[in-house]
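Visitor: I have a structure to look at and some questions to go with it. Could we go through them one at a time?

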Amino acid sequence: MKLNKAIANEIMTVEQAKASRELVRKMIANETKAKIQMAELFEIFKPAIHGHDEAQFKAFQTAFVNAAGFKNASEMSKQEGCTRIGVTLSEFKKYCKDFAGTPESYVDMIEEIKAARDASKAEKKPSKASGGEGQGEGEEESTDTGAPSGLVDPVLIEFFNKAAMASPEAQAQIAKQLLAALK
């Protein structure tokens, strides 16, 4: 869905558009840390997240990307310093779609997602008393995800799951970007 400027202005306030441009500029210049950026991004997207309307969220996301000076989210996430935005926006969209809360901060939203994930895992885990065989002592639990079992952050889990589905060329590019980011 491509929005013209008139529609984007009805969806996103002038203050939100200005904050969007400034945040993306900081990300490109690497002036802020990732956690601060995600908190700022959450504040910009808070009205769309609280609305729990997927179509409205997509329109707001398009307005955000356009306000930041890009044609689409894919183009923006390829920009040096903005690779985390795509994963975070997917996380926001999932929350908007699957949860009913109105978190006041990025940390609150992540805690709610983790609590739901942990509750889901607890429901799926067979107990030894109920005949859950094959889980002898010292054996590692299998997970539903292709991500390493030690990961607990939902953003990293989603990132590795998406990376596992990418083409070999895309995986190589992801690996190069991760290595560069960790240096």
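## A walk through the helices

Guide: Just after helix α2, the residue N30 takes a positive phi of about 55°. Please keep in mind throughout that this is a predicted model.

Visitor: What distance lies between the end C-alpha atoms of helix α2, and what span should its 16 residues have?
Guide: Helix α2 covers residues 14–29, and at 1.5 Å a residue it should span 22 Å. That expectation agrees with the model, because the end C-alpha atoms of α2 are 23 Å apart.

Visitor: Is E80 buried or exposed?
Guide: E80 lies in the loop between α5 (73–77) and α6, and, leaving out residues up to four places away in sequence, E80 touches M27 and I28. Its relative accessible area is 60%, and because a value over 50% counts as exposed, E80 is exposed.

Visitor: How many Å apart in space are E80 and N30, C-alpha to C-alpha?
Guide: Along the sequence, E80 and N30 are 50 residues apart. In space, however, the distance between E80 and N30 from C-alpha to C-alpha is 8.9 Å.

Visitor: Where is H52, and what is its phi?
Guide: H52 is found in the loop between α3 and α4 (54–67), and with a relative accessibility of 26% H52 counts as partly exposed. Although H52 is not a glycine, it has a positive phi, and the value is about 50°.

Visitor: How is the aromatic pair of F45 and F92 arranged?
Guide: A pair of aromatic rings is described by the distance of the centres and the angle of the planes. For F45 and F92 the centres are 5.8 Å apart and the planes are at 50°. Planes under 30 degrees apart would count as stacked and those over 60 as edge-to-face, so the remaining label applies, and the pair of F45 and F92 is tilted.

Visitor: How many residues apart in sequence are the parts that this pair ties together?
Guide: F45 is buried, with 0% relative accessibility, and F92 is buried as well, with a relative accessible area of 0%. Since F45 lies in helix α3 (residues 34–51) and F92 in helix α6, the pair ties together parts whose separation in sequence is 47 residues.

Visitor: Which residues form one aromatic cluster?
Guide: A search of the whole structure finds seven aromatic pairs. The cluster is formed by F42, F45, F57, F60, F64, F92 and Y106.

Visitor: How are helices α6 and α8 oriented towards each other?
Guide: The axes of α6 (residues 83–98) and α8 (residues 154–165) come within 10 Å and cross at roughly 110°. Because angles of 65 to 115 degrees count as roughly perpendicular, α6 and α8 are roughly perpendicular.

Visitor: Which residues of α6 and α8 make the contact?
Guide: The residues of this contact divide into four nonpolar, one polar and four charged. From α8 come P154, V155, E158, F159 and K162, and from α6 come R84, V87, S90 and E91.

Visitor: Which residues does E112 contact, leaving aside its neighbours within four places in sequence?
Guide: E112 sits in helix α7 (residues 106–124) and counts as partly exposed at 28% relative accessibility. E112 and F99 are 13 residues apart in sequence, and their C-alpha atoms are 8.9 Å apart in space. With those neighbours left aside, the contacts of E112 are Y95, F99 and G101.

Technical notes: Residues numbered from 1 in each chain as written. Predicted model: local features only at pLDDT ≥ 70, side-chain atom pairs only at ≥ 80, totals over all residues. Heavy atoms only, no water. Axes fitted to C-alpha atoms, helices over the stretch in contact; angles between N-to-C directions. Helix = DSSP H or I, 4+ residues; strand = E, 2+ residues; numbered from the N terminus. Parallel < 35°, antiparallel > 145°, perpendicular 65-115°, else oblique. Contact = heavy atoms within 4.5 Å. Nonpolar A, V, L, I, M, F, W, Y, C, P; charged D, E, K, R; others polar. Buried < 20%, exposed > 50% of the residue type's maximum accessible area, 1.4 Å probe, protein only. Phe/Tyr/Trp six-rings, centres within 6.5 Å; stacked < 30°, edge-to-face > 60°. Expected span 1.5 Å × (residues − 1).
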